[in-house]
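Here's a quick walk through one protein model, from single residues up to the way its parts pack. Have the structure open while you read.

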Amino acid sequence: MIYPDNFEYKTGFDRIRELLREKCLSSMGLDNVDAMSFSGDFETISLQLALTYEFQNILQFEDSFPDRHYYKISDLLSKLRVEGTFPEPGEVFDLKRSLETVKSVLHFFRSREGVRYPALTEVCKPVKTYPYVIDAIDRIIDKKGIIKDSASPRLKEIRAELAGKNMQASKRLQAIFKQAQAEGLVDADTTVSMRNGRGVIPVSVYDKRKIKGLIHDRSASGKTVFIEPEEIVEINNDIVELEYEEKREIVKIMMALADDIRPYIDDLIEAGAFLGKIDFIRAKALLGVALNSIKPGLNTNPIMLWRKAVHPLLFISFGKTPGRRVEPLNIELDGNSRIALISGPNAGGKSVCLKTVGLLQYMLQCGMTIPVGEGTEAGIFKKILIDIGDEQSIENDLSTYSSHLLNMKAFLKNSDASTLVLIDEFGTGTEPMLGGAIAEAILGELNRKKAYGVITTHYANLKHFASITPGIVNGAMAFDNHLMQPLFQLSLGKPGSSFAFEIARKIGLPEDILAIASEKAGVENISYDKHLKDIARDKRYWETKRQNIRHHEKRLEELIAGYETELAGTQSLRKEIISGAKREAQKILDDSNRIIENTIRSIKESQAEKERTREERRRLEQFKTEMLTPSQPELPASGEQKIASLHQKARKIKLNRIPAAKPEQKAGMELPLKPGDAVRMTETMAAGEIVSIKGKTAEIETGYIRMRVPLDKIERISRRELRRNTAAPVFYSEPGTVISTRAINFSPEISIRGMRAQEALDIVRDLIDNAVVVRHRHLRILHGKGNGILRQLVREYLKASGVVKSFRDEHVEFGGAGITVVEMDV
């Protein structure tokens, strides 16, 4: 039950209905919008909401949906039920296109069956399409809606004859026209015209008897007549007769088509109704998307737990004005607090709040999604009763207060536990004390009937009654005391002040008038209103504090979660780094063992002191112990930095090289070195032969490599020792690696273009390690330009390696920023 009859006008639903009409594609959709009505059945409302919300998802997430050719075909099909009736070609064309649209819609949903749109898919199940009907229409109608020549053999013959007659008439008319021009009967700039579907020649009225034929028309001035030459009259008569015969043949074709589709008329009418239903659902979904509407949780009980509800018409209106927004409302009505008694200043939003409740609940129970926030739960009411506005009537001898009392009488008669009552400015229209007493009695009776409601008032006795009566809760529309303006925010739990004196003072009413009014109102009333204002102010203050605390708590929780994630990642990274560092250290130790073995062998062969050998082994064991001892090192910024730090640590531990020269050889070293002498480089212990000497530098050939070495960095050795060292070339560098053929195969330039980051860093790391081994100072890394990501990663590694002296871009002519030139610190 909805009361009164103009409920939709009072709440603004008539405008919602008009918005839906604007979004329909067909007259069938319009019919469904007009037929939409309030329902109190839970299952019906649930289904309609599901259909609308699923279609909203289609509009938002699907690329397209069939939205063309929604024609109303029920009138045509109803006409064809009668034997002997036939459709017009245009009607058949609309029927064909509508059936094709039905087919496309069914394919859309059935191809997604059971995935995202279960309610809409279920609606499609009973709908039938008959390909036979579409094929039958295709045989006689082309893509432009014109009857095909092949629709029947006789039609094809008729149209062929028509084409021939028309061509014959046209040729003969043109011949007569040119002859008339030659004789001067027709002006040179004149052309053949058409009158009554026949070709005619415009001739001066003075020469009309010089051309035999029928006069079909006369010009407005009367100076020109339009003559159909006698010679083509018979041809045109034949054409007219053929055209009539064509129409008769088309009627036969249409009647045969009607006979073919007549057995399927009921199912075809259902298919047309299905299109109208889809059009209606689509219109509701379009409006829902425009309003940011959702499908709230439904409850079979009549409750109202709304979050961030907005008035849809205000939302649309404010959306057209930049900077304006609708203040959302939170309202809760349940078994404990069924009636909200809202008070507050005039123009503070009380009536808007009441209309929002009435309009959204009505929209919901008409099967429309509503603009509320997530977490909203809505119940179903069997009746909605509203008393808003002035219903006074001179004709019916009704005053404002009388009309309100008539509404209250209807409310008391029809209210029950499934009723939603909406009353604006409760008790006004008569003497305040008496009107307040009657209003209080009515409110008590509505509460006794366990009705639900939203009621606005200014009466203090009703506020007091609500505060002491179970089932009724006071509510207030917030007001800013400092700016003296409403905030349009509903707060349940405490009554609101009307702020009458403050608003009067802001408007500019004289202070002496306000002082007199205060005296007349009495201290108690003024104090009561002041206490309400203080309560409202304090509540807003603590509400702001609570919101700030919630914000800070949420922020703190986010920070804690972030720190815990980072800590877990750091611990995992720490384990990986330490594990990787130990593996690298073990590799360094293994290489060091090989170095010391070679050193010991060299010492023995050169008959060095055993004590020196033991000292060498002791130093190496000390290094090994230091590297393997568990510790808690500080984590470097990355795993690469950790590895680089181990390289540096290893390089700091120097193994003393033991010269193998005998005392007599040392004495021989006093002789000047010359080309052909066997020598050994004191830093790398590599042996070779002097090729030439220039100044203080000697060019030495060792294996397949020639290098320049300062004279103070080499020492003379015997030929026997040279042969022993060059037989199986082994060159020593600083602890960490052993090189042989690696030195020969070393390339100072690499290309890592197109590689993944980790793969590229592995290759760069190998290049740096090999460069340290063979003591090569200048390197080139080709990484390309691109977005610069690979270049940045390479340079971050080079910075952290500890063995790179500097790096820079290559010269522009040789590659620029696409190549990094590296100078090693070796």
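## Cysteines

Let's begin with Cys366, which counts as buried because its relative accessibility is 6%, below the 20% cut-off. Cys24 is buried too, with a relative accessible area of 14%. Keep in mind that this is a predicted model.

How many disulfides does a search of the whole structure find? The count is zero. For reference, a disulfide is a covalent bond between the sulfur atoms of two cysteines.

## The chain as a whole

Zooming out, the protein chain has 26 helices and 26 strands. There are 826 residues in the chain, and buried ones make up 43% of them. Its accessible surface comes to about 44,900 Å², with carbon and sulfur atoms holding 52% of that.

What share of the contacts with a separation of 6 or more comes from residues 24 or more positions apart? In this chain, such pairs account for 69%.

The largest nonpolar core has 52 residues, and Phe13, Ile16 and Met363 are the ones with the most contacts inside it. Helix α13, covering residues 350-365, gives the most to this core, with eight residues. A second, separate core has 26 residues, among them Ile73, Leu80, Ile137 and Ile269. As background, nonpolar side chains tend to be buried together in soluble globular proteins.

Which residues does Ile16 contact once its neighbours within four places in sequence are left aside? They are Leu287, Pro312, Leu313, Leu359, Met363 and Met368.

## A helix pair: α6 and α11

Now for some helix packing. Helix α6 (residues 89-110) and helix α11 (residues 265-290) have axes that come within 10 Å and cross at roughly 65°. The crossing of α6 past α11 is left-handed.

On the α6 side, the contact is made by Ser98, Leu99, Thr101, Val102, Val105, Leu106 and Phe109. Their counterparts on α11 are Leu268, Ala271, Phe274, Leu275 and Ile278.

## Around α5

Ser78 is found in helix α5. Its C-alpha atom is separated by 8.2 Å from that of Ile269, a residue 191 positions away along the chain. Is Ser78 buried or partly exposed? With a relative accessible area of 38%, Ser78 is partly exposed, because that value falls between the 20% and 50% cut-offs.

Lys72 sits in the loop between α4 and α5, and at 37% relative accessibility it counts as partly exposed. Not counting residues up to four places away in sequence, Lys72 touches Ser27, Met28 and Asp31. Lys72 and Asp94 are 22 residues apart in sequence, with 8.5 Å between their C-alpha atoms.

Some backbone values deserve a look. Most residues other than glycine have a negative phi, and most peptide bonds are trans. The peptide bond from Tyr3 to Pro4, however, is cis, with omega near -5°. Pro4 lies in the loop between β1 (2-3) and α1 (7-11).

Then there are the positive phi values. His69 has phi near 60° and is placed in the loop between α4 (42-61) and α5 (74-80); at 24% relative accessibility, His69 is partly exposed. Lys450 also has phi near 60°, and its place is the loop between α15 (432-448) and β13 (452-456). Lys450 counts as partly exposed, at 47% relative accessibility.

## A proline in a strand

Finally, where is Pro202? It belongs to strand β3, residues 198-204. Pro202 has a relative accessible area of 10% and is therefore buried, since buried means under 20%.

Setting aside residues up to four places away in sequence, Pro202 touches Val186, Thr190, Thr191, Ser193, Thr224, Val225 and Phe226. Thr191, one of those partners, is 11 residues from Pro202 along the chain, and their C-alpha atoms are separated by 7.7 Å.

Notes:
Residues are numbered from 1 along each chain as its sequence is written. This is a predicted model: local features need pLDDT of at least 70, side-chain atom pairs count only at pLDDT 80 or more; totals for chains, interfaces and linings use all residues. Side-chain values use heavy atoms; hydrogens and water are left out. Helices (H or I, at least four residues) and strands (E, at least two) are DSSP runs, numbered from the N terminus. Buried means under 20% relative accessible area, exposed over 50%, partly exposed in between (1.4 Å probe, protein chains only). Contact means heavy atoms within 4.5 Å. Accessible areas come from the Shrake-Rupley method with a 1.4 Å probe; for residues, only the protein chains shown count as cover. A nonpolar core is a set of buried Ala, Val, Leu, Ile, Met, Phe, Trp, Tyr and Cys residues joined through side-chain atoms within 4.5 Å. A disulfide is a pair of cysteine sulfur atoms within 2.5 Å. Axes are lines fitted to C-alpha atoms, for helices over the stretch in contact, and angles run from 0 to 180 degrees between N-to-C directions. A crossing is left-handed if the near helix is turned anticlockwise from the far one by less than a right angle, and right-handed if clockwise.
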